[in-house]
Amino acid sequence: MSSSTGTMDGESKMTTLEQEAPTTPAEAAASPAEPTRPTEQVEKSGGGHTLIVVIAVALLGAIAYGLHLRSASAKKLATATDDAAILTVEVVHPTTGSQAGDLALPGNVEAFTDTPIYSRTNGYLKKWYFDIGSRVHKGDLLAEVETPEVDQQLDQSRAELERMQANADLAGVTSNRWQALLAKHAVSQQEADQARSNYIAAQAAVHASDANVRRLEQLQSYERIVAPFDGVVTARNTDVGDLIDAGSGSNNPRELFHMDAVNSLRVYVAVPEVDSDSIHNGDKATLTQDSAPGLKIQGTIVRNADAIDHSTRTLNVEVDVDNAKGVLRPGAYVFVHFRLPAIGNSVTIPSNTLLFRAEGLRVGVVRNDRAELVPVTIGQDFGNAVEITSGLTAADEVVLDPSDSLASDMQVRPHATTIRGQS
């Protein structure tokens, strides 16, 4: 049993050794022996340290990249903030020349002759012949007035004139007889002179009575109200049967008709004092009106007041217009265009470029990306635009709608824009 057991143990050991021993020299060389196990542990320990180092480096890189991104974002934000702090302004270039060559001013159209027509005698309106809008000629009968009192007075005066004439004839015959008797020394000189004086007085009475007859005849002629000139009836303020009072100087006169002479019209214009020296009698002017934008009517400057109105500081100018075709109407509102001499080196800018400061009128101009407040002088004000006679050139970039905070040497960013009528 013992030998068997020993034999079996030996075989087991040999089998184990055979399995553990290399079968070839190459395998023996490639298979490390038991003493190499501590080296494998050292290699495994070194790999762990390398992994830690790699992770640390990656973490440091991520931190550095985050800091870089944050710095770049901060710089970008600072740049954007600085960029937003720069004021962006709309700019426009002034227009060379000036609109002052065409000075347009409002004017009032008036009839060449504007007349109210009153009755010159008392009575009742018998009939009228023309209403408003009627065109009449000089001498046309407008209306008739019944004047029974004047008619009776005229008959009485004519009868009185006949009586006076008869007395004068008798006084003349008597005077001639006394003169013949005086030549024969049949009467005294005193008596002859008295007869002559009576004749002269009778003749004077005839002249006075005749004058009174002519006066009443003239009053009677006023029963016929006629047109004093060629024109149009613009008003009729009476009707058949109305009681008519004579004259226009009474306390409450009644204007029977109103007439305007419209073949020629007067247009009165208030020219500013600054342009008054450019207005001369005989010069031409052009009229336009909003009701007919395409219509242009020629007129002539015929006279001016030759004095500046103290309250308005304007010169009153009259422009006469031939209106034979009836294009214009009295009372119309028109624009009168005067041609004025051009002012050298003047430019035109929009009105919304002006800055009213305590030191005076200023305009914002962009030069080298910085604003500059330039003092300017206005020549003419055209409403939406103004003429600048000094301070600007056509090459300047003028700020549109400048803010109150705009100041000289302020950095700005110009943005060109286009204004209607300018470029």
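**Close-up views of a predicted model**

**View 1. Pairing of strand 2 with strand 15 in the predicted model.** Thr 95 has Thr 348, in strand 15, as its bridge partner. Two bridges join strand 2 to strand 15 (residues 347–350), and the sense of this pairing is antiparallel. Both strands belong to an open sheet of four strands, ordered 2-15-20-19 with antiparallel pairing. Strand 2 (95–96) and strand 19 (377–381) are its edge strands, each pairing on one side only.

**View 2. The largest nonpolar core, with 24 residues.** Within this core, the members touching the most other members are Val 267, Leu 287, Val 319, Val 334, Val 336 and Phe 338. At least two core residues come from each of strand 3 (102–117), strand 10 (257–272), strand 11 (284–289), strand 12 (292–308), strand 13 (314–322) and strand 14 (333–339). Strand 10 contributes five residues, the largest share. Another core, of 15 residues, lies apart from this one; Ile 117, Leu 125, Phe 229 and Ala 261 are among its residues.

**View 3. Surroundings of Val 267.** With neighbours within four places in sequence left aside, the contacts of Val 267 include Leu 287, Val 319, Val 334 and Val 336. Gly 107, Asn 108 and Val 109 are also in contact with Val 267, as are Val 317, Glu 318 and Val 321.

**View 4. The largest cavity and its lining.** One cavity of 30 Å³ or more is found in a search of the whole structure. The largest cavity holds about 30 Å³ of space. Its lining consists of Ser 119, Leu 243, Ile 244, Asp 245, Arg 254 and Leu 256. By class, three of these lining residues are nonpolar, one is polar and two are charged.

How values were computed: Residues numbered from 1 in each chain as written. Predicted model: local features only at pLDDT ≥ 70, side-chain atom pairs only at ≥ 80, totals over all residues. Heavy atoms only, no water. Core = buried A, V, L, I, M, F, W, Y, C linked by side-chain atoms within 4.5 Å. Buried < 20%, exposed > 50% of the residue type's maximum accessible area, 1.4 Å probe, protein only. Contact = heavy atoms within 4.5 Å. 1 Å grid on protein atoms, 1.4 Å probe; cavity = no way out; pocket = protein on both sides within 12 Å on 5 of 7 lines; lining within 4 Å. Points joined across faces, edges and corners; volume = space filled by probe spheres on them. Nonpolar A, V, L, I, M, F, W, Y, C, P; charged D, E, K, R; others polar. Pairing = 2+ DSSP bridges.
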